[in-house]
Every structure is written in structure tokens, then in C-alpha cells.
Amino acid sequence: VDEGPVKSWHKSVCRYCGTGCGVMLGMNKDKLVRVRGDQEAHNKGVICIKGSMLDSVMNNPNRLKTPKIKKNGKFVEASWEEAMTLMTEKFKESLSQNGPESIGFYGSGQLLIEESYTANKLFKAGLRSNNVDGNPRLCMASAAVGYTQTFGKDEPPGAYVDIDHAETFFLIGSNAYECHPPLWERIMMRKKANKNVKIIVVDPRKTKTAEHADIYLPVLPGKDMALLNSMCCVMAELNLLDEDFISKYVNFNDGKKKISLEEYKDFLKDYRPEKVADELGLTPREIREVAYQFASSKATMSLWTMGINQRVQGVYLNNTLNSLHLITGQICRPGATPLSLTGQSNACGGVRDTGSLSHLLPNGRLIAKEPHRREMEKLWNVPEGTIAPKPGFHALAMFDEMVKDKVKVALIMCTNPAQTLPNNRYYREGMEKAFLVVSEIFEDTETAKFADILLPAALYIEKEGVYGQTERRYQIIEKLREPVGEARSDFDILVDFANRMGQGKLISYKTPTECWDEYRIISKSSKYDFSGITRERLKKERGIQWPCPSVDHPGTVRRYIKGDPFVPSDKKVYFYGKPDGRATVFARPYIPGKENISKEKPLFLTTGRVISQWHSGTMTYRVPELKHSAGPGRFVFHPQDAGIYKVKKGDRIEVESSRGKMEGIVAISEHETPGVVFAAFYDKTFLINNVVSDDYDPYSKEPDYKVTAINVKKV
Ligand code: MGD
Ligand code: SF4
């Protein structure tokens with residue numbers, strides 16, 4: 001559709017994923033008419049199909065434009081005054097009758113930093129409820145806990161620019177070709193420029209990423225922990241460890257206490273390739289080859305996402321990926337680094353860094369630690385003892401407690417849990433029971449059905465705020481047009497709500513800029529220090545990476561080495577998150593998950609994204625070209641399985657897991673692996689999460705969307 005000529009161009013950031021691409025937005029007065037990649041941003045002008053069609057979503061006429069209140073099962077238009085008054089009454093009533101544990105906030109890695117920061121501060125320091133969590137729990141909680149355990153601090157040591165220096169890429173549980181396309185293109189450019197570059201891909205599915213690998217390991221679902229330990233074992237056996245790096249910068253730990261390098265090597269003996277290869281579905285030779293390549297390359301970079309994070313052993317996997325780099329010295333040099341790729345645009349800056357999860361406080365502080373609570377109480381200027389000492393409910397627990405009638409009133413913002421939580425039917429019971437206020441841009445989402453109050457939210461360039469993506473880079477989205485109808489930004493909704501709840505003194509700022517300035521100054525007292533990232537700089541520069549302790553500081557590309565403001569001047573490498581400056585290598589065992597194939601459930605179901613769709617599809621499935629490209633949701637089989645189970649393209653089947661049954665149509669693709677069925681989660685008429693298991697990692701509480709045992713039959 002020709003939307004008219006561009007009258008002015010503006011730098012911004014893509015609305016969708018954690019790649020955080022810089023985009024140029026072409027406006028015709030208040031209409032977004034063109035989108036292109038920003039040549040000056042880190043993505044050097046490259047964007048994917050979703051980002052290039054942001055205008056289509058912005059110009060969709062069917063947005064939610066007024067508040068609505070559910071009366072006798074039907075939504076009735078209401079004024080903001082009516083909606084906010086009712087919301088306030090319900091929260092106050094629940095607080096006074098049932099206490100702070102009975103209320104909750106379920107947010108999103110797509111809210112702006114100022115929005116998550118405000119919700120977190122309001123609930124934890126104002127309403128005294130730690131029930132603040134959000135969809136990043138489903139996405140990167142395992143990476144966050146993994147980094148924190150290994151380095152003492154969350155967020156990665158390296159950056160995207162390491163791609164331009166790496167000689168070996170170790171991609172595990174990442175389909176970068178479809179999920180982070182500009183980064184994948186950067187990897188391919190690096191390979192083109194240097195013939196020594198090797199790409200290793202570990203994935204049960206032969207994804208488009210795997211197709212381009214020099215070495216592809218089709219590991220069986222749920223087994224990667226044994227593979228990573230086996231690689232460490234080979235490295236130890238072949239003397240591929242960097243003993244100099246280890247002696248200066250590494251401690252070993254068995255999860256309870258410090259151990260020696262020799263004890264660590266003993267632990268690894270159980271994972272000799274000959275012992276584990278069969279279970280992994282690989283050959284010992286393949287494991288040895290990959291271990292050798294990883295350790296002996298000039299610079300190895302690991303990249304991973306949901307195939308590693310969304311796993312019952314997600315934290316152990318993250319620990320061990322970090323360990324592979326530490327024991328081989330493949331870290332703290334250009335091109336040598338672990339880098340977990342983030343799913344959402346602002347999961348890092350918005351949720352991890354602001355501490356907007358139920359166990360966290362801003363900038364890496366923990367609710368469970370008294371000195372951290374005291375520090376935040378001082379910074380927020382509230383009396384000592386205000387922040388409750390017990391962590392709140394994490395994502396699944398919060399909805400479980402709605403089922404059990406403990407959480408009675410909740411605000412859900414910028415997320416669609418009724419489609420995206422695993423074992424969905426169960427948690428919907430809770431959504432039905434609780435009084436839900438849902439802030440949304442569209443009225444027809446699955447979660448909106450369960451709302452008692454629907455609040456129309458401003459979208460993307462209808463508001464202003466900061467996004468923080470994978471590599472600690474903060475970038476600003478500026479407001480370029482007014483919200484549609486009566487929509488308000490989530491920030492304005494939260495500030496208004498705070499005032500009505502009697503928390504106007506705590507949330508005293510009125511604009512995102514004032515909020516940013518408060519938070520920026522607070523960060524000064526932590527190792528996240530981004531006090532030098534002012535609004536003015538964000539408007540001029542193409543993002544800045546923290547730490548950035550002063551306005552004349554250029555930002556920090558790589559952490560823990562010279563140039564990082566927290567590394568003492570006499571040290572080359574210093575892991576300052578740990579008291580002795582040494583990172584920890586954990587001996588983490590492989591523990592098989594509960595979801596395993598059997599005679600009754602002979603196939604694995606694994607789920608994930610496709611290139612043209614964003615999450616629950618509420619935005620991208622409305623764009624005709626993107627909808628056409630993705631097609632309807634379906635169960636994708638390898639041709640061999642299609643033969644075994646006697647199904648063909650277009651057949652309708654019933655899939656049964658331990659969590660329930662659902663029907664859907666069949667597709668066939670050579671990209672799948674025998675024994676593994678794939679399904680994406682963008683189509684609300686194909687609610688795959690009805691059968692996905694909600695087993696979760698005991699440390700990160702991140703659910704395992706990747707491994708569910710299923711049975712199939714034709715209907
Ligand atoms: P989204 O579709 O991103 O999914 O789960 P969700 O966050 O639940 O939902 C965002 C919602 O916010 C949409 O309904 C959109 O219309 C609305 N929205 C957009 N902009 C705004 C705004 O500015 N303000 C407000 N108030 N609303 C807005 C994502 C979740 O899904 C994640 S993060 C992961 S990693 C999981 N992945 C996953 C998987 O791999 N497999 C399966 N089977 N399920 C999964 N679910 C998880
Ligand atoms: Fe947007 Fe992600 Fe695509 Fe970049 S890769 S354009 S951030 S959706």
C-alpha cells in the first residue's frame with residue numbers, strides 16, 4: 001500500500017526482537033510510511049522482514065481505542081476515570097483484605113525501561129508486594145542466572161562486534177537465521193571474509209541455520225548437558241585447557257564447595273564421548289571434533305538462545321557454556337566470548353537490569369539479601385523494612401496462585417500469557433478467577449478475553465523510552481506521533497495508578513525523561529553504572545553500552561578486561577562480580593528430564609519461532625504479507641515420521657501430551673529430525689501451549705518449551 005511520500009526521517013529502534021536493530025523511520029506528518037535499516041547503527045542497515053513492515057502494524061485501524069469494563073460477561077466502553085477508579089478500588093480492597101501477596105504485576109520484555117522500572121518500584125517499594133514478574137521469565141531467566149552464578153554479575157561479557165573477530169562460531173539452541181537474521185548475516189559476512197571461519201551448529205532440528213553449518217550435530221532433544229560435559233572432558237583429556245588462564249582467573253565448584261581442577265577433571269570422566277554418544281544420538285568422533293575445534297580455534301564465540309534457556313537444565317547449560325570458554329581461555333579477547341542472544345527487545349534493559357522479576361531489585365540486587373534491600377530503600381527514600389524480605393511469585397507460580405485463589409487482582413501489561421504460557425489450559429483457570437486489568441493495543445488477544453478491565457495502550461512511536469538489548473546497549477525510541485483514540489502509554493497508566501494508590505510521593509516523576517534521570521543516577525551505586533548515558537546522548541548517538549560512568553565515557557564494549565571502568569588498572573582481566581576476581585567453573589551433572597519418549601509417547605514435540613512472526617502474532621499475524629509467509633499454525637513432521645505415523649500434508653491429527661490434547665493440521669519438512677515434531681506459537685487458532693509441558697528449571701524457574709513427549713493419532 002502506498003502510504004504517501006516521506007516528509008522526514010527519524011532514527012529509532014525496531015519494536016520487536018532482542019537483536020535491537022537500529023531503524024530509520026520515514027514519517028509523513030504523523031503517519032509512519034517507510035522503514036529501513038539504520039546504516040549507522042550496530043546492524044549496519046540490515047533488518048529483517050518483520051522490522052521492515054512495522055508501518056503496517058502502526059497503521060492498523062483496529063486498535064483498542066478506549067478503556068473497557070466487563071459487565072455481565074461483555075465489554076462496555078468506559079472513561080479513563082471509570083476504569084482507573086475501578087482498578088484502584090479492586091487493588092485497595094485486595095490489599096486491605098488479603099495483603100500484598102494477593103496482588104501482582106505481570107509485565108514484559110517489550111515494555112520500555114521507564115515502564116518496567118516504575119511498575120517494579122511501585123509494587124515493591126509502594127504496595128509492598130514482590131509479585132512482580134513477566135515474560136522474560138519464559139525467555140532468558142536461565143541466561144541471567146547462569147551469568148550471575150559464573151561471573152557474579154548478570155549480562156554478557158562480550159558484544160556483537162565479536163562476530164567480526166571470531167574464527168569459530170558455536171551455535172547451540174539458536175536458529176539465528178530465522179530469529180536474529182541481521183546477526184546471522186553478520187556471521188556469514190565474517191565467513192566470507194575469512195576462509196578459516198567454521199560454523200558449528202548443535203540443534204535437534206536441521207534448521208536453516210544448521211543447513212549452513214560446517215559441522216552440524218543433530219543432538220537428541222533434552223540431552224545437550226551431556227554433550228557440553230563431554231566436550232569439556234575431551235578438552236581435559238587432550239590437554240586443550242588453558243592452564244595459565246585457569247590459574248589466574250578461575251575457581252572450580254561442585255555446586256556446594258570449591259573443588260580443585262583435578263577434582264573437576266575427575267567429574268568429567270563420566271562424560272567420555274564413548275560413554276555418552278549413544279544417548280546423544282551422536283558419534284564419539286563428532287564430539288571430539290567439535291571439542292577440538294572449539295578449544296583450538298584462534299577465537300571461539302558461542303551464541304545461544306531458547307534451545308538452551310527454555311530447558312529444565314537451563315541454568316546448568318548456561319553455566320557450562322560459560323565454563324567451556326573459561327577452561328579454554330576463549331574469553332576476554334576479541335572474538336572469543338560467550339554471548340546469549342536475547343529474545344525480546346527490552347528483556348535485558350527493561351526487566352533484567354531494572355530487577356523487574358520477583359526475586360530481584362534494580363541493577364543485580366536480590367530481594368533475599370538484606371543489605372540489598374536496605375540499599376534500595378535508601379535510594380528510593382522509603383523507610384527501612386519497606387521492601388518485603390520474601391521473593392514474590394515467579395511467572396508460573398503467579399498464575400498458579402490465581403488458580404489457588406491467593407493472587408486475586410493483577411495488572412498485565414504488554415504480554416499475552418493466555419497464549420504463551422505452557423500448559424495453558426491450567427493457567428487460564430487462574431486468569432478466569434482473578435480480577436485482571438489488561439493493558440493492550442488490540443482487543444482480540446487471548447488474554448484480553450480474561451480481562452475485567454481493558455486499558456488501551458499507546459504503541460511504539462506513540463510514546464518515548466529506552467530499550468536495552470543483548471549486548472548491554474541502551475537505545476532510545478522517540479515519540480513521533482500521538483496515540484490512537486484515547487490510548488495512553490503504559491508509563492502514563494502506571495504513574496496515574498501510583499497516584500491513585502496514594503504513592504504519588506514515591507513515583508513523583510511525571511515524564512519518562514525524569515524517570516530515566518532518577519534511574520540513571522541510581523545505577524551509579526552499582527557495577528551497572530550507566531549514569532553517563534543521558535537522554536541527550538541517546539538522542540544523538542546510536543546506542544551506548546554500559547558500564548558508562550560519565551557523560552564523556554564512550555561506553556564499554558567488552559567487560560572484565562582493560563577498558564572496563566571497573567577493572568583495576570594493574571589487571572588485564574578481572575571478574576569483579578566475584579570477591580576474588582575469579583569466575584567460577586561449575587561441575588554440573590546431566591540430569592534427564594521427566595519428559596522422555598516411551599511406547600505411549602514415542603515422539604518429542606519442540607516449539608519456537610519462525611522468521612516472519614513475532615511471538616503470539618497479535619501484531620505480525622495482522623500484516624497480510626507476514627501472515628501469508630507463515631501460513632497457519634501446524635505440526636511439522638519429518639518425512640520418515642510421516643511414513644511411520646501414516647500422516648500426510650493437510651491431515652488433521654490429535655496430539656496428546658501429559659498436559660492434554662489438541663488437534664491441528666500436519667505439514668512435512670526435511671528440516672525436522674526423525675522423532676521430533678515442531679510447532680510454532682504465533683497462531684491463536686492453534687494453541688500449541690495447550691500441550692506443552694510446564695516443567696521448569698528449579699533455579700531460574702524458566703519453563704521448558706522445547707521438550708514435551710507426545711503421542712499422535714489421526715482424527
Ligand atoms: P507477545 O505476542 O509478545 O507474547 O509471550 P508474550 O509476551 O505473551 O505479547 C505481547 C502483547 O503485548 C501482545 O498481545 C501485543 O498486542 C501487546 N502489545 C504490544 N505493544 C504494546 C504496548 O506498547 N503496550 C501494551 N500494553 N501492550 C502492547 C512471549 C513469550 O512466549 C516469550 S518472551 C517466550 S521466549 C516464550 N516462547 C515460547 C516458545 O518458544 N514456545 C512456545 N510454545 N511458547 C512460548 N511462549 C513464550
Ligand atoms: Fe526487528 Fe529483530 Fe528483525 Fe532486527 S532482527 S528488524 S530487531 S525483528
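This is a predicted model: local features need pLDDT of at least 70, side-chain atom pairs count only at pLDDT 80 or more; totals for chains, interfaces and linings use all residues.
Start by selecting methionine 301, which stands opposite threonine 337 in β14. Then extend the selection to residues 300-304, strand β13, and to β14 beside it; the two strands run parallel and are joined by four bridges.

Next, display the whole sheet to which these strands belong: an open sheet of five strands in the order β10-β9-β8-β13-β14, with parallel pairing. Colour β10 (215-217) and β14 (337-340) separately, since these are the edge strands, each of which pairs on one side only. If you look along the sheet, neighbouring strands are turned against each other by 15° on average, direction ignored.

Finally, move to ligand 1 and select the residues around it, 34 in number, of which Cys139, Thr420, Ala457, His615 and Ser616 come nearest. Among the elements, α19 (417-420), β18 (435-440) and β24 (603-608) are those that give two or more residues to this shell. Colouring the shell around ligand 1 by class shows 15 nonpolar, 17 polar and two charged residues. Colouring by domain instead, you will find that domain 2 (68-131 + 348-459 + 482-508) and domain 4 (603-714) each contribute at least three residues to the shell around ligand 1.

Key: Residues are numbered from 1 along each chain as its sequence is written. Chains are lettered from A and ligands numbered from 1 in the order in which they are written. A residue is near a molecule or strand if its C-beta atom, placed from the backbone, lies within 6 Å of it. Ala, Val, Leu, Ile, Met, Phe, Trp, Tyr, Cys and Pro count as nonpolar, Asp, Glu, Lys and Arg as charged, and the others, Gly among them, as polar. Domain bounds come from an automatic or database domain assignment. Two strands pair if DSSP finds at least two bridges between them. Axes are lines fitted to C-alpha atoms, for helices over the stretch in contact, and angles run from 0 to 180 degrees between N-to-C directions.
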